[in-house]
Amino acid sequence: MVLTTLDSAVHRATSSPCGPVHINCPFREPLESSPRKWLSSCLTGLDFWMTNTAPFTNYIHMRLSRTSTNAYGEMSEALDLILRAKNSLLLFGAIHTEDEMWAALLLAKHLQWPVVADILSGLRLRTLLSSFPGIERNFIFVDNLDHALLSDSVKGWLKVDVVIQIGSRLTSKRVCQILEDCAPFSYIMVDKHPHRHDPSHIITHRIQTSIFEFVGCLLEAAVSHKRSMWSTSLQLLSKMVLILVMKSYFLLCTRYEVEWEINFQITAECSLTEPYVAHVMSEALSSESAVFLGNSMPIRDANLYGRSWSICNQSVSPLMLNSDLPINFMRVAANRGASGIDGLLSTAIGFAVGCNKKEFMKNVLCVIGDISLLHDTNGLAILNQRKLRKPMTILVVNNHGGAIFSNLPLADKVETCIMHQYFYTSHNISIRELCMAHSAILLVEIVVNILQRLMCLALDLVDTTLWEVEVMFISRI
């Protein structure tokens, strides 16, 4: 932590615009006098840093222009690492524009590295145009790595030597943890702002530039790779996990229509679950949609169970790039911050206003939990104010409490009644009556066999509506 903090401080103090840097040194916890013996084991993994004079995190502010001649010199070390990579991984964090999504996808196609796309990247809920079957073979998406990391065998096998992360902050805690366990390795993070996003303090190369400039640099430097056995193994692992997850969580029957394409049939007797809602939600979206995901479980469920590589019958005319990349993306937003649940509905309404600009014009689907709604009931008062935005669809996933706390190790050690009282915050509040009080249109009693059809219709309604989906309270992975 000290090394990466000091590296950041020196960079900010000496780069343009330069200025003073304040370093905060908090008191050690606990505050009372409790001396601890210093152990040399805390230096494990720092051998490469102690044997040279280079900083632990190398900051590169890359400026590419027609008159720039030093950009590739600044990038030479990173380019050399990318060329020599064997067990590589490409991570897509939060990406905010469709142009940046295209650039990121072009990078994935060019490098032929296995890709882990975060839900906020817009590439997790991707759709494939039906005019181009088989195009997914040009990419190596590993959408189910999070689930695979539940296996100790997988965690022991997974060893990376080079990671490139495009965009900030990842949703999956397990992916972040395995990267921390694999350190030290060459960790290259690319984002256009100078701020730090290194919670595990393991980034070795921080490149401040746009995605376009970074991808352009790699293309012009002729950095390319062939698909490796490592990449193929990760992709096959992800697809095997997908089959197991769908069988265990959705209680679905599976059948093969095309290679690795799985269609799920669900019976009317099955109860709704949050993973199933996340899966159906992602299937109903189109290129004209945008999604705002609430914190707690909605964003995690979408990241884990969102449908990718679904088929879209849209015309190829709106494509923004050449026909080598006939894929639609989904603009996904969230108010992560400190990952709190205050003000989420109001934030989603503001997001819908932003999506009504001429260059976007998206129908917004907001997915939040019941506790999140109860923490922002004032947001219901502005739902009917249709100024500056198109109609919205609000999907409230109601499990009558904070089910995310069932994931805590504490849940196995504390009595159920205590968990419900102090952690799950179970409630009997009627979402219907709450909406009536704010004159919001509410549709309830959604059952499993019509959820998918209703979701497809919801995004075309002329009025803003709020849908309540009551789900089973189940313990998670």
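Author: Two strands pair if DSSP finds at least two bridges between them. Strands are DSSP runs of E with at least two residues, numbered from the N terminus. This is a predicted model, where local features need pLDDT of at least 70, side-chain atom pairs count only at pLDDT 80 or more, and totals for chains, interfaces and linings use all residues. Residues are numbered from 1 along each chain as its sequence is written, and side-chain values use heavy atoms, with hydrogens and water left out.

Reader: Over how many bridges do E5 and E6 pair?

Author: Five, in the parallel sense, between E5 (residues 162-166) and E6 (residues 186-191). Ile188 in E6 is the bridge partner of Ile164.

Reader: What is the strand order in the open sheet?

Author: The six strands run E1-E7-E6-E5-E2-E3, with parallel pairing. E1 (58-61) and E3 (115-117) each have a single partner strand, so one side of each lacks a neighbour in the sheet. Neighbouring strands are turned by 15° against each other on average, direction ignored (axes are lines fitted to C-alpha atoms).

Reader: Now rings. How many aromatic pairs are there?

Author: Four (ring centres of Phe, Tyr or Trp, its six-membered ring, within 6.5 Å). In one of them, Phe185 and Tyr187 have centres 5.6 Å apart and planes at 20°, so they are stacked (under 30 degrees).

Reader: Which ring does the charged end of Arg126 sit over?

Author: The ring of Phe141, 3.6 Å from its centre. The cut-offs for Arg are CZ within 6 Å of the ring centre and within 35 degrees of the ring normal.

Technical notes
Rings of Phe, Tyr and Trp (its six-membered ring) pair if their centres lie within 6.5 Å; planes under 30 degrees apart count as stacked, over 60 as edge-to-face and the rest as tilted. Helices (H or I, at least four residues) and strands (E, at least two) are DSSP runs, numbered from the N terminus. Axes are lines fitted to C-alpha atoms, for helices over the stretch in contact, and angles run from 0 to 180 degrees between N-to-C directions.
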